[in-house]
Amino acid sequence: MGNVITLMEESVLSTHKAEMDTLLTSKGDSQRTQYPYVTGTSVIGIKYKDGILMAADMGGSYGSTIRYKSVERIKQVGKHSLIGASGEISDFQEILKYLDELILHDNMWDDGNSLGPKEVHNYLTRVMYNRRNKFDPLWNSLVIGGVKNGHKYLGSVSMIGVNFEDDHIATGFGNHLARPILREEWREDLSFEEGVKILEKCMRNLLYRDRSAVNKIQIAKITEEGLTVSQPYSLKTFWNFAAFQNPTVGAEGSW
Amino acid sequence: MDRDATADVNAPHSMGTTIIGVTYNGGVILGADSRTSTGLYVANRASDKITQLTDNVYICRSGSAADSQIVSDYVRYFLHQHTIQLGQPATVKVAANLVRLLSYNNKNMLQTGIIVGGWDKYEGGKIYGIPLGGTILEQPFAIGGSGSSYLYGFFDQAWKEGMTKDEAEQLVVKAVSLAIARDGASGGVVRTVTINNEGVTRNFYPGDQLPLWHEEVEAHNSLLDILNASSPEPMST
């Protein structure tokens, strides 16, 4: 349905091209560094035995308000990749349109080859870095993961074009709260169940400690065979500790 | 202190606003308050913030009055041509995406949050929220404007899937009325627009007929009426 809308928009554009171009596309010279409005928080990705697992919550914050609670921040890209995004959601939506076009043109070659996660990662790195050089960034941190021809790939790109490739990746708060857990517990031969448990441990930690986290998450899996994005679900949290009952007894006024 | 009292009439016209869009089983209901302010002065106490784009698609405008008007004018213009080329009514999705294109690509200059709502034969009633920045999100209901801050909790509790037209209308009126009670930038009357397969209906709820909330009291023409009601000669010895 996404491609149909693009065609409809283009039919509207074609009649008064010049006028509409100025309104419906952004003029390079008048753009400056912007501010994010609707933002998503951390994304975590890990390699496991059969492929990549990625997790993100479904929150869209508007400053300190948790305004949207059903934002899908992990999406499919072509046959072999997943993209997860934190940061400004409108810029993520625009990136998805760029990727739609990239995959479409790749398919049009009809040569049997299809872009894998490494290529998508490279494309996005160039896009992000070039926008940064024009002082007009796409305000996102992206996680790209996938499997092609047996090779697992997991990488990230930031809004200024810094890119990494690693066995476990996180954005935002995830770097501080999730990656230490992953450094301790990640192994090359994790099963799907073990991988999910580790990701859930990280997401629960983020739920406790990240103010912009919401308790509605999706975990996505991609293997050579294909990919799935889970239905949204919530994690149980634990508050029934003795130390939580009367923490300020003996030190009234403390916290 | 005097400087605050004389409101800056050259301040940009902003619709403080409460806007709402709600889907029900059969269509959508759009609702809004009617206050447009320039600084502290209420420039228009009976504005119409629910604006028509096509026969079947309307939008609620919030934020800068000028920005939201110009966006709606352009999208109406584009949709008009699109409808001619397509040969049938535009879908709500196309209308919403055109609004998004303008909002996203001019994000540095525009300050307007828009709710797009309508009915088409393919998807039925749909609501799209397009906040600052140009994110587009299809939602079962959307709230926006400064008054919406006071409604998140209300909708968390009161919203239900699959309401009837009347239930949805009552919910919208109640919500805008609650927001007006607490948001200084919202006020006036409540306007609603209902869109379904049968067409479009506009409704008007004058400010003096809205329910009273906490710490609000009944309106009277004069103190004299109150005094006369309690006893015929209250001030005689």
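The legends below describe close-up views of a predicted model.

**View 1. The open five-stranded sheet of chain B.** The 5 strands follow the order β11-β2-β3-β12-β13 in chain B, and their pairing is antiparallel. Because β11 (141-144) and β13 (199-205) of chain B each have a single partner strand, they stand at the edges, and one side of each is left without a neighbour in the sheet. Neighbouring strands of this sheet are turned against each other by 15° on average, with direction ignored.

**View 2. Strand β2 and helix α5 of chain B.** Strand β2 (residues 19-24) of chain B runs antiparallel to β11(B) and is joined to that strand by 4 bridges, and B:Ile20 stands opposite B:Ile143 in β11(B). Helix α5 (residues 165-182) of chain B packs on the sheet, where it touches β2, β3 (27-32), β12 (190-196) and β13 of chain B, and its direction makes about 155° with that of β12(B).

View 3. In chain A, 5 strands with antiparallel pairing are arranged in the order β11-β2-β3-β12-β13, with β11 (168-170) and β13 of chain A as the edge strands, each paired on one side only. From one strand to the next, the twist averages 10°. Between the antiparallel strands β3 (residues 51-57) and β12 (residues 217-223) of chain A there are 7 bridges, and A:Ala55 has A:Ile219 as its bridge partner in β12(A). Helix α7 (residues 192-209) of chain A packs on this sheet, touching β2 (43-48), β3 and β12 of chain A, with its direction at about 25° to that of β3(A).

**View 4. A nonpolar surface patch on chain A.** A:Tyr208, A:Phe238, A:Trp239, A:Phe241 and A:Phe244 together contribute about 560 Å² of accessible area to this patch. A:Trp239 lies in the loop between β13 (227-229) and α8 (242-245) of chain A, and counts as exposed because its relative accessibility is 56%.

Technical notes:
Residues numbered from 1 in each chain as written. Chains lettered and ligands numbered in written order. Predicted model: local features only at pLDDT ≥ 70, side-chain atom pairs only at ≥ 80, totals over all residues. Heavy atoms only, no water. Pairing = 2+ DSSP bridges. Helix = DSSP H or I, 4+ residues; strand = E, 2+ residues; numbered from the N terminus. Axes fitted to C-alpha atoms, helices over the stretch in contact; angles between N-to-C directions. Contact = heavy atoms within 4.5 Å. Patch = residues over 30% accessible without salt bridge, like charges linked within 9 Å, V, L, I, M, F, W, Y side chains within 5 Å. Areas by Shrake-Rupley, 256 points an atom, 1.4 Å probe, with all protein chains shown as cover. Salt bridge = Lys/Arg side-chain N within 4 Å of Asp/Glu carboxyl O. Buried < 20%, exposed > 50% of the residue type's maximum accessible area, 1.4 Å probe, protein only.
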